[in-house]
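User: I'm new to this structure and would like to learn how to read it. Could you walk me through a few features?

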Amino acid sequence: MKIINGGDFVEEAVKMLLTARHAIAFTGAGVSTESGIPDFRGNSGLWEQYPVEKVASRRALMENPAFFLNFYRERFKSYANVKPNRAHEALARMEKAGIIKGIVTQNIDGLHQKAGSKNVIEIHGTLKRVRCDRCGKYYLPEKLDEEEVPRCNCGGVIRPDVVLFGEALPRREWQIALELAERSDLVLVVGSSLVVTPANQIPGLVLLEGGKAIIVNKDPTPLDDQALVLRGYAGEILSKLADMLGV
């Protein structure tokens, strides 16, 4: 493990990115906190305020759909005017320059796409749409506001198209993410605690295949001993990286 807090991180990380044959980024909630979106863990994390089992689980949807949907209505509203920050913009610049080939994200906020990133794999779903929990038909988010518990023509509850605790990841996106990781020799991890499974298998797979990792995070992660660790704010660190890369 090599943890760097100062400016010296730039040269080593830049060399790793420039010499990589196929680099990807893997992002978590910490990449969006500078946009005003709270992360999930930590002292002020979302799950400290709202227990997971009550608002973001399969059980919550089944047992109290009105409460569950109201929580997500508030999230839709709070995300409406949120803008990408320097971290999202730096990753988009790196992708445009071909330095990273794509982004696998745990986030559901769509900020990578707003920043200009094209190849974004959302393995935990998205708040950009809602769907029927029974038949899978998609609707625009506004459908949630029609009733306290809106329902599809088939009778199923209409819910956000996000992965809840107790649910499997979307098969197509997960397979694409795995294939991308298998082809990669470097993963740039940004703002992820790397404790959520199976998502954390993506950086682990890159390392398992003999690749390298750069981890940008404010707090320690389980893979720190196998990576170049850049401790600090994602926006500041990634902006410096992008500038040094000349993109």
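**Helices and strands, step by step**

Analyst: Let's start with a pair of helices: H6 and H10 are roughly parallel to each other (angles under 35 degrees count as roughly parallel). This is a predicted model, where local features need pLDDT of at least 70, side-chain atom pairs count only at pLDDT 80 or more, and totals for chains, interfaces and linings use all residues. Residues are numbered from 1 along each chain as its sequence is written, and side-chain values use heavy atoms, with hydrogens and water left out.

User: At what angle do H6 and H10 pack, and how far apart are their axes?

Analyst: An axis is a line fitted to C-alpha atoms, for helices over the stretch in contact, and angles run from 0 to 180 degrees between N-to-C directions. Helices here are DSSP runs of H or I with at least four residues, strands are E runs of at least two, and both are numbered from the N terminus. For H6 (residues 86-96) and H10 (residues 234-245), the angle is about 25° and the axes lie 7 Å apart. Contact means heavy atoms within 4.5 Å, and among the residues making it are Ala90 and Met94 of H6 and Leu238 and Leu241 of H10.

User: How do H1 and H10 cross?

Analyst: Helix H1 (residues 9-19) crosses H10 at roughly 65°, and their axes come within 10 Å. In this contact, Phe9, Val10, Ala13, Val14, Leu17 and Leu18 of H1 meet Ile237, Lys240, Leu241, Met244 and Leu245 of H10.

User: Now the strands: which way do the residues of E2 point?

Analyst: In a regular strand the side chains alternate between the two faces of the sheet. In E2, Ala23, Ala25 and Thr27 point one way, while Ile24 and Phe26 point the other way. Five of the five residues of E2 (residues 23-27) are buried, so the strand is largely enclosed by the rest of the structure; buried means under 20% relative accessible area, with a 1.4 Å probe and protein chains only.

User: Which strands does E2 pair with?

Analyst: Two strands pair if DSSP finds at least two bridges between them. E2 runs parallel to E3 (residues 100-105), joined by four bridges, and Ala25 stands opposite Ile103 in E3. With E8 (residues 186-190), E2 pairs in the parallel sense over five bridges; there, Ala23 has Leu186 as its bridge partner.

User: What is the strand order in the open sheet of three strands?

Analyst: The order is E6-E5-E7, with antiparallel pairing. E6 (138-139) and E7 (158-162) are the edge strands, each pairing on one side only. Helix H5 (residues 65-79) packs on this sheet, touching E5 and E7.

Terms used:
Angles under 35 degrees count as roughly parallel, over 145 as roughly antiparallel, 65 to 115 as roughly perpendicular and the rest as oblique. Buried means under 20% relative accessible area, exposed over 50%, partly exposed in between (1.4 Å probe, protein chains only).
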